[in-house]
Amino acid sequence: MRPRSLTLLIVAVFFAACSSSSNSAAPSTAGGGAGASGSSGPAESGAASGSPAASGASGWDPQSISGTAVLSGWRSSPEEGEALTQTLLGFPAVYPNVHVDYQPIAGDYRTVMITKISSHEVPDLFYVNADYAPEWIEQGFLEPLDDYIAKAGIDTSQFFPGYLDIFKGKDGKIYGLPKDGNTIALASASSLVTTPPTTMDELVTTAQGLKDNKDIKAPMCLSPGLDRGLAFIYAQGGELLNADKTASAIETDASKAAVQWYLDLFKNGLAQTPAQLGAGWCGEALGTKKVAMIFEGGWLDPAMTGTYPDVKYAWTEMPVGSSGKPVTLAFTVSYSIGADSKNKDQATVLLSYLAGKEGMTKWTEGGVALPARKDVPTPAGKDVLTKGSDYARPGSGFMPGYVDVQKAFQDAFTAQIQSKTYDAGPVVQATKAAIDKALNQ
């Protein structure tokens, strides 16, 4: 298909998506995603870099592949949609023989995809959030990519190991290539926070100084879930799992104290959840000037620029807690091929572009996420978030059943806020039960 035809297709799909869905909350994973999740060597092969004349190590020529590759994922903001549009518009100049049929999935992405997988009607290339990547790998939903990577000549050494390793199975095979990454950092309103805190003690002191400010509803917007809370638990010396990840550690004295410290921020009026603030997510709370400090990833910048361009804020690294070490969370999402995908060669061509240097450079230039590759430059304004990649711990995907563990923590934590009891005990108990169940399955 000619480049102009692809342009019209992509634009049409995005207008349809815009008209059929309401505004979404910001992702907790990299790229939107963010995590996802989530905020970020040797020369690569030509195929991975998008060179149209390149052939893989086995002599496989991507230019000889023609047909359609169906691409699916979520669309968590208009800015993310625009970034992907611009990225896909560069594809036909490199691989003119493969037509991209982009089919975004609205609503509960995971549930919709499981339905498609169950009916053996899966896209050719699609997003897999790190949260549930281990389960999808173990359940046989995803195609191992090692043979495709080899024949396409994709240099996996260019990916940051912390992002790539999430998508390796127990068999050592690769089941997805990271489309990007993200870390979490402090974003504070410049008009209210002139000296951003660098430690958790300073964070509390700064928040206390803002508590009586009538221009805001609360000093901070914080999540009642592990998507942000886990960074604070780690910073304050807590853990979810023991060192070899074989048993729960949330019930230890240090972990329980860390959960209580996080809960006390809400008890003492220093933080409110997005729901309490009447906001869809913490970025909206900052943009509407309801709070002075939030903890988000790279997706915040395009959302603020697009919706709240007059609100000035500054990025600083996550404050250091009682553990004495800097810590943040890293989120990522993969491009994966389904075990039942019908056009795997076409999907491999698209994967080579999107997860390659050229495609990822175009994608991250949109400001939504950080590169998952070492050879892709850091987007402007993302230096603080990229620095966090040096010490970030996985925000998801590090254990099976993590989606259920997250839900157990958030449900119990939210119940404590709503009942105004603020007791870490029930939160710890519920989380431990979910961890034990996940590890024993």
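This is a predicted model: local features need pLDDT of at least 70, side-chain atom pairs count only at pLDDT 80 or more; totals for chains, interfaces and linings use all residues.
Which residues make the contact? From H10 come Leu226, Leu230 and Ile233. From H18 come Tyr402, Val405, Gln406 and Phe409. Sorted by class, the contact of H10 with H18 has 6 nonpolar residues, 1 polar residue and no charged ones. An α-helix has 3.6 residues a turn, so residues three or four places apart point the same way.

## Loops beyond H10 and H18

Lys245 sits in the loop between H10 and helix H11 (253-267). Its phi is near 60°, a positive value in a residue other than glycine. Tyr422 sits in the loop between H18 and helix H19 (424-440). Phi of Tyr422 is near 50°, again positive in a residue other than glycine.

Tyr422 has a relative accessible area of 15%. Buried means under 20%, so Tyr422 is buried.

## Helix H16 and its cover

Helix H16 spans residues 357-365 and contains Glu358. Glu358 is partly exposed, with a relative accessible area of 28%. How far apart are Glu358 and Gly90 in sequence and in space? They are 268 residues apart in sequence, yet 8.9 Å apart in space, C-alpha to C-alpha.

Other residues of H16 are buried: Gly359, Met360, Thr361, Trp363 and Thr364. Their cover includes helix H3 (78-89), strand E4 (177-183) and helix H15 (344-354). Just after H16 comes Gly367, which takes a positive phi of about 85°.

## Aromatic pairs

The whole structure holds 17 aromatic pairs. A pair of aromatic rings is described by the distance of the centres and the angle of the planes. Take Tyr127 and Tyr335. Their centres are 5.7 Å apart, with 70° between the planes, and the pair is edge-to-face. Tyr127 lies in strand E3 (residues 125-129) and Tyr335 in strand E10 (residues 329-336). The pair therefore ties together parts that are 208 residues apart in sequence. Both Tyr127 and Tyr335 are buried.

Now take Phe398 and Tyr402. This pair is tilted, at 4.8 Å centre to centre and 55° between the planes. Phe398 is buried, with a relative accessible area of 14%. Tyr402 is buried too, at 0% relative accessibility. Tyr402 is also one of the H18 residues in the contact with H10. Phe409 is another residue of that contact. Ring pairs link Phe409 into a cluster with Phe232, Trp261, Tyr262, Phe266, Phe295 and Phe413.

## The chain as a whole

How many helices and strands does the chain have? The secondary structure comes to 19 helices and 11 strands. The chain has 441 residues, and buried residues make up 56% of them. Its accessible surface is about 17100 Å². Carbon and sulfur atoms account for 51% of that surface.

Key: Residues are numbered from 1 along each chain as its sequence is written. Side-chain values use heavy atoms; hydrogens and water are left out. Contact means heavy atoms within 4.5 Å. Helices (H or I, at least four residues) and strands (E, at least two) are DSSP runs, numbered from the N terminus. Ala, Val, Leu, Ile, Met, Phe, Trp, Tyr, Cys and Pro count as nonpolar, Asp, Glu, Lys and Arg as charged, and the others, Gly among them, as polar. Buried means under 20% relative accessible area, exposed over 50%, partly exposed in between (1.4 Å probe, protein chains only). Accessible areas come from the Shrake-Rupley method with a 1.4 Å probe; for residues, only the protein chains shown count as cover. Rings of Phe, Tyr and Trp (its six-membered ring) pair if their centres lie within 6.5 Å; planes under 30 degrees apart count as stacked, over 60 as edge-to-face and the rest as tilted.
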